[in-house]
Amino acid sequence: MQKYYVVHTKPNQENKAVINLKRQGFKTWLPSFKRTVFFKNKKTVKKEPFFPGYIFVILDVFNDDWSKIQNTFGVKYLITSDGVPKEIENSNINLLKKIITGETLNLNDKVKIISGKLTNKKGQIIEMCSSNRVKLLLESFSVKFTTILNKKLLYKV
């Protein structure tokens, strides 16, 4: 039975590890988000991992040759317990997927913005506008203001 396992990657080599694991026939999941970066008045969108240094691999411990993972370019090691890969419960994976897509956000939650001009600003959800947008109350330099953002740009603090 296929389950999720965690692979620790070398610094900034999550994408390289995913490519090389896929070449070997492994299924992977790299949770990521799009981040807007402004540099020298130019706007660029970068895809960044939600968990830097970690990716998930989907495998069957009894039927797949998971020992190849340890020697894959970009991979530091597969997280194990007593020499056996440590599985992640499906309920935890489902919860992570809901958090990443913003499905777990509720009214009055404290959140942090992960992309755009307001990156790293913290606020509070004061209204649920639609299925994927919320109104935030932000405070900056003792001035309070509101903005409406996509749930995918937020995570609960």
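Two strands are taken to pair if DSSP finds at least two bridges between them. Helices (H or I, at least four residues) and strands (E, at least two) are DSSP runs, numbered from the N terminus. The structure is a predicted model, in which local features need pLDDT of at least 70 and side-chain atom pairs count only at pLDDT 80 or more, while totals for chains, interfaces and linings use all residues. Residues are numbered from 1 along each chain as its sequence is written, and side-chain values use heavy atoms, with hydrogens and water left out.

The secondary structure of the protein consists of 2 helices and 14 strands. Along the principal axes, the C-alpha atoms fill a box of roughly 55 × 40 × 25 Å. The accessible surface (Shrake-Rupley method, 1.4 Å probe; for residues, only the protein chains shown count as cover) is about 10200 Å², and carbon and sulfur atoms hold 51% of this surface. Of the 157 residues, 34% are buried; buried means under 20% relative accessible area, exposed over 50%, and partly exposed in between (1.4 Å probe, protein chains only). Among contacts (heavy atoms within 4.5 Å) with a separation of 6 or more, 54% join residues 24 or more positions apart.

An open sheet is formed by 5 strands in the order β13-β12-β11-β10-β14, with antiparallel pairing. β13 (143–150) and β14 (154–156) are the edge strands, each pairing on one side only. On average, and with direction ignored, neighbouring strands of this sheet are turned by 40° against each other. The axes behind this angle are lines fitted to C-alpha atoms, for helices over the stretch in contact, and angles run from 0 to 180 degrees between N-to-C directions.

Within this sheet, β12 (residues 133–140) and β13 are antiparallel and share 8 bridges. L138 lies opposite F145 of β13. The hairpin of these strands, β12 and β13, has 2 residues between the strands, and F141 in this hairpin has a positive phi near 50°. Strands β10 (residues 110–113) and β11 (residues 122–128) are also antiparallel, with 3 bridges between them. K112 has K122 of β11 as its bridge partner.

A further hairpin is made by β3 and β4, again with 2 residues between the strands, and K40 in the turn has a positive phi of about 55°. Strand β3 (residues 32–39) runs antiparallel to β4 (residues 42–49), and 8 bridges join them. F33 is bridged to E48 in β4.

Helix α2 has 12 residues and spans 17 Å from its first C-alpha to its last, close to the 16 Å expected at 1.5 Å a residue; the expected span is 1.5 Å times one less than the number of residues. D109 is located in the loop between α2 (90–101) and β10. D109 counts as buried because its relative accessibility is 14%. Polar contacts are pairs of N or O atoms within 3.5 Å; within protein, one atom must be able to donate a hydrogen and the other to accept it, and residues adjacent in sequence count only if both atoms are side-chain atoms. The side chain of D109 reaches the backbone nitrogen of N106 at 2.7 Å, and a polar contact of 3.4 Å links the side chains of D109 and K156. With neighbours within four places in sequence left aside, D109 contacts T104, G123, Q124, I125 and K156.

K152 belongs to the loop between β13 and β14. K152 counts as exposed because its relative accessibility is 53%. Not counting residues up to four places away in sequence, K152 touches T101 and I114. The C-alpha atoms of K152 and T104 are separated by 11 Å, and these residues are 48 residues apart along the chain.

Most residues other than glycine have a negative phi. N12, a residue other than glycine, has a positive phi near 60°. N12 is placed in the loop between β1 (3–9) and α1 (14–23), and with 74% relative accessibility N12 counts as exposed. D82, also not a glycine, has a positive phi of about 55°. D82 lies in the loop between β7 (80–81) and β8 (84–85) and is exposed, with a relative accessible area of 80%.
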